[in-house]
Amino acid sequence: MAYQVIARKWRPQSFAEVTGQEPITRTLVNALEHDRLHHAYVFSGARGVGKTTTARLLAKALNCHKAQGPTATPCAMDDLDACASCREITESRSIDVLEIDAASNTGVDNVREVIISGIGIAPARDRNKVFIIDEVHMLTPQSFNALLKTLEEPPPNVTFIMATTEAHKIPDTILSRTQQFEFRTIATAKIAERLRIIADAEKIDIEENALREVARAGEGSMRDAQSAFDQVISFSGDKIVVADVSAALGLAGTEMLDRVVQGIADRSPVAALSVVEDLEMRGHDLRNFCRDLLGHLRDLLVAKVAGDTPSLLESSIFDPAKLKEQAAQFSESDLIRFFHSLAQTESSLKVAAHPRYQLEIGLIKLMEMQRVAPLASIIERLAALEGSAGNGGSSTPPAPKSSPASSTPPATGGSAPKPPSIARAQSAAPAPAARAVPAKTSIPATKLEAADIPFAGVGPSNAPVTTAETSLPMPVAAPVEMPPVATAPISSGSAVAAAPARSTDPDLDKIKKLLEKKRKPMMVTALDEALSVSFEDNELVITFAPESRHMRVVISKPDSQAMLREVCQEVLGRTPGIRVVTAERDEGAPLTRRELEAAEQKRLREVAEQIPAVQRILDVFQGEIVDVRVTDQ
C-alpha cells in the first residue's frame, strides 16, 4: 500500500479526537443526541484547524448505519465492523455525501448543475444527502443568489455544510440562513500533545523540545504541524533532536534567540552579527528568524507584565523560568520599543535587496535604543535642576559674604569690588532652565546689574555655564549704570509699565463669574478684550476695537448671545438685547488686559536687551529673547 502522509493517516475519526475545538464539537454532539439539527452550517476559521474534518464527522454521524438515527459516535476507520456509509465518507467516495470545491466550481451554472438540479433526488442509500462546500467564499454573487431559496427551505433530509477561511466574504443573506461555527487556532501545547500521540504510535524517538519546535512551526494549524512533522521525519529518521528540526524547517532554535537577546542586553553588536552570520551559513530564512524573534519579544513582555499567568505563554519555546530571567534585563518600555522597531525591520525584509544587511542593522538598532532615556525621567531631572536653581544652589557651599563697604562701587575709576548680587551668583548652581515666576512683577527703576536679572546657565566671570553634556566658560561684564526706567502710564499704542485700572461694573463681574461657572472661558476673554461693556436702555452694548475681530466673532455667534441673555436673566432678572459694535479707540482710553501684558512684556524685553551679559549671550549663541520673567528676589 502506498505511503499515506501523517495529516491524512491521523485525521480524527470521532468528535473526541478533534483537537482544540471543544466548544464546537460539544455543540454538535448535543445537537445530535437531542435531535436538534440545523439544515445548514458554516464552518469558518484558519487553515488546518479541523473544518473539513468536522464536516465529514457530522456527515458520518447523520448517516451511520449502525444507529437507527443520527448518532454522536459514528464508526471509526480502525473498526473492522465499520459500516459502508462511514467508510465511504471517510474515503471521500460516498454518492450521498458530495464534497464540492467552490474554488473550482465558482459559476452559477456549476451550482445549478451540481446542487440545485440534484437536490430533489432522494438519497441513494443513506438517510441524508449532505453537501460539503469547501472554500465557499469563492462562489460568485450570482451563485450565492441561486442558493438563497434552497438554503432557506431545503427538501427533507438535506444538509448543507459550508467551510471557509474568509467568512467575511460570504453574503449576510447566506449567513442569516445558517448556523455559524468559528474554529479557533489551536494552542501549541495541544498540538504538541497530539504530535506526541502520533510519535509514540509511529515509534518515532523525538526529544520534547524538538516536538515543541515542530508544534510551534504549525502556528496554530494542526495540519501544518503534522506536515512539518512528516518533513522532519524524512530528514532525520526515527531519532529526532532539536538541531534536526531547526535544519529541516529552517527555524531559529532557542540557542539562536537566546544569543540575540543576551547580545541586546549586553549591547554587544558582535553577538548580533555572529548570529546573522550563522543563520546565513545554515541557510535559514532571515525573515522567518525575524518573526521568531518578534514572537519571543512578545513572550518576554508577557512574562514581564503577567508572569503569573502561564496560559498566556503556552506558545513560547522557552520555559517560564528562562523567560523571566531574560525579561528581567529589560523594562516594559524597552521591550515595546524593540517590538515596534523589529516589526519595521521584518516588513522591510520582504522587499530588501540585501536582507542580511537589513537584519544586521535592525538588530544593532535594538541595542542602541537602550540609550534612549524616557521622557518622564528627563522631565524629573529638569525639575530637580530647576529646584536647585530656585533654592540658590544649595548643592554647593555658599561663598563668603562680602563686607558692606564692598557693595558700594567707587565713584571714580579703579577696579570695582564685586557687589553682593555677583557673589550670590557665584554660589548658585547653574541650571538649564529659568525658574517659573510671576510675570507681573515690575523691575525697580534703579541701577541694573548683570546678576540682578536671573538667567539660566549664566554665572559670574569665573563660574562655568553647565548644560547636560558640555561646560563652556561664560564671562560676564562688570556691572554698569542703567538709566531709570519710566513707570508712569503712557498713551495708547506705546509700551507701558502700568495703566489705569479699567472701571468695572459689579453686575458685569457677576456675569463673568457665571460664564466661567458655565465653562465659557472664551466668552469671558472676549468681554475682557472689549473696549467697553455697558447697559444702555435695556441693551447690553459690547464695543470692540477693529483689531479685535476674533473676539468680536466669538460674541457675535448666536449661541454665545443666547448664553449671554441667559446669564443676564439670572444676574439681572431681565433679558436685555445684545449689540456688538466696532469703534476706534479714544485717545487716552484705558488699555485691555492683553494689551497691558503685551506692553509690559515689550518693556521688559527692551530692558533685558540692554544688559551686557544678555547681549554677550545673544552674540555668542546667535539667539534671541523669547520671554522675560521677573523674580521676586
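Predicted model: local features only at pLDDT ≥ 70, side-chain atom pairs only at ≥ 80, totals over all residues.
Residues are numbered from 1 along each chain as its sequence is written, and side-chain values use heavy atoms, with hydrogens and water left out.

**H5 and H6**

I found that H5 (residues 108-116) and H6 (residues 141-152) pack at an angle of about 30°, their axes being 8 Å apart; helices here are DSSP runs (H or I, at least four residues) numbered from the N terminus, and axes are lines fitted to C-alpha atoms over the stretch in contact, with angles from 0 to 180 degrees between N-to-C directions. I recorded the crossing as right-handed, that is, with the near helix turned clockwise from the far one by less than a right angle. On the H5 side I listed Val108, Val111, Ile115 and Ile116, which meet Gln142, Ser143, Ala146, Leu147 and Thr150 in H6, where contact means heavy atoms within 4.5 Å.

**H8 and H10**

I then turned to H8 (residues 188-202) and H10 (residues 222-236), whose axes come within 11 Å and cross at roughly 40°; these two helices are therefore oblique to each other. The contact is made by Lys190, Ile191, Arg194, Leu195, Ile198 and Ala199 of H8 with Met222, Ala225, Gln226 and Phe229 of H10.

**Cores**

I noted that the largest nonpolar core has 48 residues, and that Phe43, Ile161, Leu195, Phe229, Ile240 and Val245 have the most contacts inside it; such a core is a set of buried Ala, Val, Leu, Ile, Met, Phe, Trp, Tyr and Cys residues joined through side-chain atoms within 4.5 Å. A second, separate core of 34 residues includes Val260, Phe289, Ala303 and Leu335.

**Thr345**

I located Thr345 in helix H16 (residues 332-349) and found it buried, with a relative accessible area of 8%, buried being under 20%, exposed over 50% and partly exposed in between (1.4 Å probe, protein chains only). Leaving aside neighbours within four places in sequence, I saw Thr345 in contact with Gln358, Leu359 and Gly362. The C-alpha atoms of Thr345 and Glu360, 15 residues apart along the chain, are separated by 9.7 Å.

Key:
Parallel < 35°, antiparallel > 145°, perpendicular 65-115°, else oblique.
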